[in-house]
Amino acid sequence: MIQSGLAEEFWRLARFFAVGAIATIIHIGVAMIVVAAAGANPTVGAMIGFVAAFMVSYFGHFRFSFAASGRYRDYLLKFAVSSLASFLLSTAAVWVATAILGIDYKPALIALAIIVPICNYLVNRFWVFLQPRGFSSRSLEIITPE
C-alpha cells in the first residue's frame, strides 16, 4: 500500500514538472514572439508571456497534474494567490541575494530554479488542489470518441 502511494506521488510530481516545463516554454516563447513580432517592450512581452503560461499551468495542473475534482473556478483564486506569492517571493529573494548579500545573480537564479518548483508543488499539492476529505483525485483516463 505504501509503495503504491509513493508511486502515485512520484507520477503526480512527474506530471507537475512536465506541465511546469511546458508553461515555461510557453512563457518564454510568447514573450519572444510579442517582442519580435509586435515590437513590444520586453517587460510587456514577459507579462503577456506570464499570463499565457499562467493559464497553461493552471489548466494543466487542474486537469493533469492533480486531476482535481470540481469546477475550474473552484481552485482558480488559490492558484492565483500562490502564483503571485511565488513571483513576489522569488523576486524578493533575488534582490536580497544580490543587493544585500552581494551574491552573484547566477547562483541565486539557479537556487531559485530548484527551490521555487519544489515549494510550488507543495503549495499546489497541499493547499490549492487539496481534495476534501472523502474525495480522491480522479484517475487519469483516456476518453476515445465513439
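Predicted model: local features only at pLDDT ≥ 70, side-chain atom pairs only at ≥ 80, totals over all residues.

Me: OK, and which ring is Tyr58 paired with, edge-to-face?

Reply: That's Phe59. The ring centres of Tyr58 and Phe59 are 5.3 Å apart and the planes sit at 65°, so the pair counts as edge-to-face. For edge-to-face, the angle has to be over 60 degrees.

Me: And Phe59, how accessible is that one?

Reply: Phe59 has a relative accessible area of 33%, so it's partly exposed.

Me: Which residues make up the largest nonpolar core?

Reply: There are 11 residues in it: Phe16, Phe54, Tyr58, Phe62, Phe66, Ala68, Tyr75, Phe79, Tyr121, Val128 and Phe129. Helix 2 (42-65), helix 3 (73-100) and helix 4 (105-128) each give two or more residues to this core. Helix 2 gives the most, with 3 residues.

Me: Why would nonpolar side chains end up together like that?

Reply: As a general rule, nonpolar side chains in soluble globular proteins tend to be buried together.

Me: Now the outside. Which residues form the nonpolar patch on the surface?

Reply: The patch is formed by Leu13, Phe17, Ile110, Ile114, Ile115, Ile118, Leu122, Phe126 and Leu130, and together they have about 830 Å² of accessible area. Helix 1 (2-38) and helix 4 are the elements that give two or more residues to it. Helix 4 has the largest share, 6 residues.

Me: How far is Ile115 from Ser90 in space?

Reply: From C-alpha to C-alpha, Ile115 and Ser90 are 9.3 Å apart, while in sequence they are 25 residues apart.

Me: Switching to charges. How many salt bridges does the structure hold?

Reply: It holds 4. One of them joins Glu8 and Arg12, with the closest N and O atoms 2.8 Å apart. Those two both sit in helix 1, 4 residues apart, which is about one turn of the helix.

Me: What about Arg12 and Glu9?

Reply: Arg12 has a salt bridge with Glu9 as well, and there the closest N and O atoms are 2.6 Å apart. Arg12 and Glu9 are 3 residues apart in helix 1, so about one helical turn separates them.

Me: Is Arg12 buried or exposed?

Reply: Arg12 is buried, because its relative accessible area is 5%. Its two partners come out as partly exposed: Glu8 has 46%, and Glu9 has 23%.

Me: Which residues are linked in the salt bridge network?

Reply: Glu8, Glu9, Arg12 and Arg125 are linked in a network of salt bridges.

Me: And which residue does Arg71 form a salt bridge with?

Reply: Arg71 pairs with Asp74, the closest N and O atoms being 3.0 Å apart. Arg71 is partly exposed at 48% relative accessible area, and Asp74 is partly exposed at 36%.

Me: One more arginine: which ring does Arg15 lie over?

Reply: Arg15 lies over the face of Phe64, at 5.9 Å from the ring centre.

Me: Last topic, the backbone. What is the phi of Ala67?

Reply: Phi of Ala67 is near 40°, a positive value in a residue other than glycine.

Me: Where does Ala67 lie, and is it buried or exposed?

Reply: Ala67 lies in the loop between helix 2 and helix 3. Its relative accessible area is 3%, so Ala67 counts as buried.

Note on methods:
Residues numbered from 1 in each chain as written. Heavy atoms only, no water. Core = buried A, V, L, I, M, F, W, Y, C linked by side-chain atoms within 4.5 Å. Buried < 20%, exposed > 50% of the residue type's maximum accessible area, 1.4 Å probe, protein only. Patch = residues over 30% accessible without salt bridge, like charges linked within 9 Å, V, L, I, M, F, W, Y side chains within 5 Å. Areas by Shrake-Rupley, 256 points an atom, 1.4 Å probe, with all protein chains shown as cover. Salt bridge = Lys/Arg side-chain N within 4 Å of Asp/Glu carboxyl O. Phe/Tyr/Trp six-rings, centres within 6.5 Å; stacked < 30°, edge-to-face > 60°. Lys NZ or Arg CZ within 6 Å of the ring centre and 35° of its normal.
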